[in-house]
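Dear colleague,

Please find the structure below, followed by a short account of what was found in it.

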Amino acid sequence: MSSNRSLEPSALSLNDLPWQIRYSNDRCTLCGQCTAVCPVQAIELKVFQKRILKTSVQPEKKHTADYDSFYGIRQKTRVENACIGCAMCAMVCPNDAIAPVKNPGLDRLKFHINQNGIPRRRGGRRNSSQSVLDRIKFIRISMLTDPALDAGRHEFEMRTLLGRVLSPRENMKRLKEKGWIPPVREIYPLIIGGMSFGALSPTMWEGLQMGVAYLNEELSMPVRICTGEGGCPPRLLRSRFLKYVILQIASGYFGWDEIIHAIPHMKEDPCAIEIKYGQGAKPGDGGLLMWHKVNKLIAAIRGVPQGVSLPSPPTHQTQYSIEESVAKMILSMSMAWGFRVPVYPKISASSTSLAVLNNLARNDYASGLAIDGEDGGTGAAYTVSMDHMGHPIASCIRDNYLNLIKIGKQNEIPIFAGGGVGKNGNLSANAAALIMLGASGVQIGKYAMQAAAGCVGTEEDRCNVCNLGICPKGITSQDPRLYRRLDPEDVAQRIVDLFVSFDTELKKIVAPLGRSTSLPIGMSDALGIDDLAAAERLSIKYVV
Amino acid sequence: MKNQAFIKLSGRKDNKRIPSRVLEEIIHHHIKNGRRNIEVEGYGQHGIGGRLWDAGADETHIRIIGQSGQRAGSFGHFGTRIEIMGPASDDVGWLNAGAEIIVHGNASNGVMNGAAQGKVYIGGSIGARGMTMTKRNPRFEPPELWVLGSSGDYFGEFMAGGIAVICGHNKDPKASVLGYRPLVGMVGGRVFARGNIEGFSQKDAKPISVSDEDWNWLMTGLEVFLSKIQKKELLPSLSIRSDWQLIEARSAREKTDSSEKPSMARFRNQVWDRELGRGGLIGDLEEIERGSIPVITRGDLRRYIPVWEQGRYMAPCEAACPTGIPVQERWSMVRQDNVDEAIAMGLQYTPFPATVCGWLCPSPCMASCTRNQNHMSPINVKLLGKAGETVKLPKTAPKSKKKIAVIGAGPGGISAAWQLTLKGHTATLFDTGDTIGGKISSVIPGSRIPKDTLETELKRVKEFIPDIRLGQAMDKKDFLKIKYDYDFTIVAAGAKKPRMLPVPGIEHAVSANDFLEAAKKDKAKPGKRVVIIGAGNVGCDVATEAHRLGAKTITLIDIQKPAAFGKEKEDAEAVGATFRWPCFTKEITKAGVVLTDGEVLKADTVVVSIGDVPDLTFLDESIKTEKGFIFVDAYNRTSDPRVFAIGDAVGPGLITDAIGAGRKAAIVIDRIIDGKSPDGDAPLPRIDKQRISLEYYNPKNRADTLKDCGSDCASCGKCKDCGICVAVCPEGAIERIEKDKQGFEYRVDPDLCIGCGFCKGACPCGIWDLIPNAAL
């Protein structure tokens, strides 16, 4: 930095940055790997100057003041080069000479990350480690009361239903009259939520799909994965693996003509169709895949020309009311596959979600409702949407489930919960809590990225550059130089590890409840929390 | 004692079942009394035949008739033999620690659960969860369970030791002799089974072949077993070796190492790619090589690549010089010991290297020197300029036949004529005055430029430009004649007409130019008190000269903050001149200057120094003017395309601006003569000073020789050929290539380079950049 400089308002010092590079000149080998790997060019080789003073109190000895130069790694302080804390430098450093450290409280960057009047946008998460779900305990343990089950020994059917379950009376009636009975899928209660081909790199996407196929075909776990809104590779549409896939349609309708073209050639029906109305991470906001990310591959899969920006508006055009959205959209999508495929909407958690649920309850074609809470992840959103908009998932799911009970349909429309499940690593506990609060299943996204591909994002605003296409792990990049860091096979293997271990943990939680053949959906007497207000709000036990 | 007859006990008294606790007491009472053979008629009492350790090492034989009850023989002791004459209830031999138990019928659930020693012989089949949680204590023989028939479900769960033999006698061959989901969680022990063993936990146990030793053990034991249950006749049918299978627990190591699941690589090849086609999910759209690439990559896989940007940017000094002198190139010559050439080069750009660069110019090049960034002294270009005084005339290009008239022999006009002459054209200089040099010679005080220097350089000009016509009056007619006689005309008439204030009494004041001209000839007599209206640099020159000629009180007034700067201002301040502002002149009287607020600044001489305007009366109507100055386009061309205008006639500026404009006009004219577009090559963009590393230089050095200046010059944007990049590159990817004509180049081997940018970071001159690699 020039010493003879004037200060601009956005001139930052190292102290102002959220992530600071801790660097040891003594250990550094000057090998260049850290600067080569840094995704944001936050560090560079720099020539430094040193003044060497040699003085003496002996008058006959001369004082000298010489200058010498030396080399080292320097962190840049420009806003656009601010370190994101991904620690790739630490990962490649052969001598542990460098690592980013979180600024404990002097971060001023946030006041300057709106250069040229553009508010901050980022990928990732809400960056709040608070979690009501983490605080929920499973307090009902069978101690001689129920037939205690052994998670390691007993057989469990960890399955849930995706689809509209008619009341027994109605079902019998339709059977007798040979009427239409809604399609229902028996699936694993942990679902990989919608992450588009485009938001994710090709290697990541393939890895997730491969892992899911493996779980189904080698381990007989009926795990399902949602495509997100970005179309679906033609080969997958025409393969038997399609039955493990929930196809998502959203306001951009990307790739849907390709899907329509593929319908006559499908070997299998997809598991379900998810109509996306909202995303928990950025409720009420849409998405935009920037033109520079729309390369040949993305363009082919989304059915658009290369190099055009692809907006997904916040709303679906032509749908102006709940009634219309529910009736028109669900009916169309059901019709596409001859009413053989469950169709359900996905909405952002909101204080208005009960209205949606009540509407669905009146419509036989509605197969369920997915609700995405504020802690959900995203590939790109305005920080203000991510940090300050949305509804926590726990209370939203609870409200909706209790409402179903009120109208007597708690066994008829499944609710799926998503958004921050396992955000602090407690996947199975969070999932089980949501199930016992009333969810029929849970959707995960970020957790899969972290566990299966080593996403470095944390709730401490680490990395969060999914929107820039520079993902250091190759998870959200369309640049082969980055996404080829990821081997789909490794991702698939980690997905398998994730689900198998999740399965063990889920059993550990439900076994003491004496449940082995059906999920404890809404079994809220098993839940407790050490917060009176939260306990009252969620209608669960207050335990201290 | 051994042959002692059986004492018969009944579990019933007075037609009522006695409690388990009481029956236990009775049995123990007899044992304590030395009885060792006891027959108990059970009525479902719990735990008959267990915990008989009071018998010590004696053999004890309990025979149970009737209903044996749950947990018969539990906590069984070494030396105890229990024989249940009919079927047995749950948990026979539970926690058996050594007893031999014979059941002559079927046994229900939990046979031998938790047993660690002893032998249990079942003459029928057993229920669920037999042989579960059994262990083997290394101090003793392992527990054994012999079953004639088959087992119920969940056999051998968590079995940790012991041997079970399931004979499968009379078993439906289709059904497993071990029941449903046997051996889950098995960690030790072995199971011999005769018949179908499907469905056991492969994760925990594995079938192994029956060795001769195993077989012999089995046959020996089988004979004993059959005799115990009195079914010796079955021996031949149970002794067919091929009917038997042996299952063993997998070791802990085997469990972690072995995976019954296929590897993901296999799944990808055999299932994934087979269903989707070669290349998997998107193999039809894009070919992606299998496997992953390293985090640090080379060649095409680098995200960023270094580029050696020699000559792509202009140094700040050159970019700042209105004359356009490539300053740092000259220092580069100095570094290469071409000092003379470096000095001589000045004459290619300016006729006044010493006068202007060395003395009069405020040196924008030095003001923009990168070194200022770190508070280091700028490279002193004045040394190089002053050295230019003695340089001999440069060579000119071959003569062309083109004639260009230059009106005005000031610095701008001389510069234009100089450049045209260099390019081989014939330039004629016209001036109304009797000397050349314009304001340099006529108004700039001698204190600012040594007389000899100026004269030497003017002499050189006269030598170089032979056709100089002085004392030429110029009117419209003369101008029109010149315009038509010459191919091109350059108007460099300067701004010689002083601007005067429109205030009463202005006739009492003198213009700065008139004063300075007179002063230069020592003819001015300013008196003791001088007031100068207009505190610019010319005003400062007036102040300095007035002081030289005897003035004691010198006041410069201005309506705004004085614009004076640099040497001129310092000199004025040094002679005690005071600056006052804002002051608004109302009128000028014999007494001095009267300000609008009524104050009178007493003065013997009042000098008006608020700038000059050109005298353009000689121009014809085809030459457009604007606000008293000649209007020109970006090429310094007037509204008449064959007439150019430069210098103060176009707008006020520095001497170097006029010299630069003269050079520019000459270049444009030369290009037009050559039939080229007036646009030359676009100037290079100025280098970003942040690219320069000043840390290599001693910041306290104030170079005062040409040599030191050369070595302290950071050579912004021009490679010093220091080779630091070669040394710094961690991969040894940079090589210096010698090119023809003394040229050189630093080249990167892409197959070695990792794109770390160290070359960029270390480069003292900012030549290396790191740019994103082209998209794949």
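Two residues are in contact if their C-beta atoms, placed from the backbone, lie within 7 Å. On that basis, residues 24 or more positions apart account for 63% of the contacts in chain B with a separation of 6 or more.

This is a predicted model, in which local features need pLDDT of at least 70 and side-chain atom pairs count only at pLDDT 80 or more, while totals for chains, interfaces and linings use all residues. Residues are numbered from 1 along each chain as its sequence is written, and chains are lettered from A and ligands numbered from 1 in the order in which they are written.

Chain B contains 22 helices and 34 strands (DSSP runs numbered from the N terminus: helices are H or I with at least four residues, strands E with at least two). The radius of gyration of chain B, taken over C-alpha atoms, is 58 Å, well over the 28 Å that the globule rule (2.2 Å times the number of residues to the power 0.38) gives for 776 residues, so chain B is more spread out than a compact globule. Its C-alpha trace spans about 165 × 65 × 50 Å along the principal axes.

An automatic or database assignment divides chain B into domains, among them domain 1 (1-92) and domain 5 (403-495 + 614-673). The centres of these two domains of chain B, taken over C-alpha atoms, are separated by 137 Å.

Of the 776 residues of chain B, 47% count as buried (20 or more other C-beta atoms within 10 Å of the residue's own, with C-beta atoms placed from the backbone).

Yours sincerely

Note on methods. A residue is buried if 20 or more other C-beta atoms lie within 10 Å of its own, exposed if 12 or fewer, and partly exposed in between; C-beta atoms are placed from the backbone.
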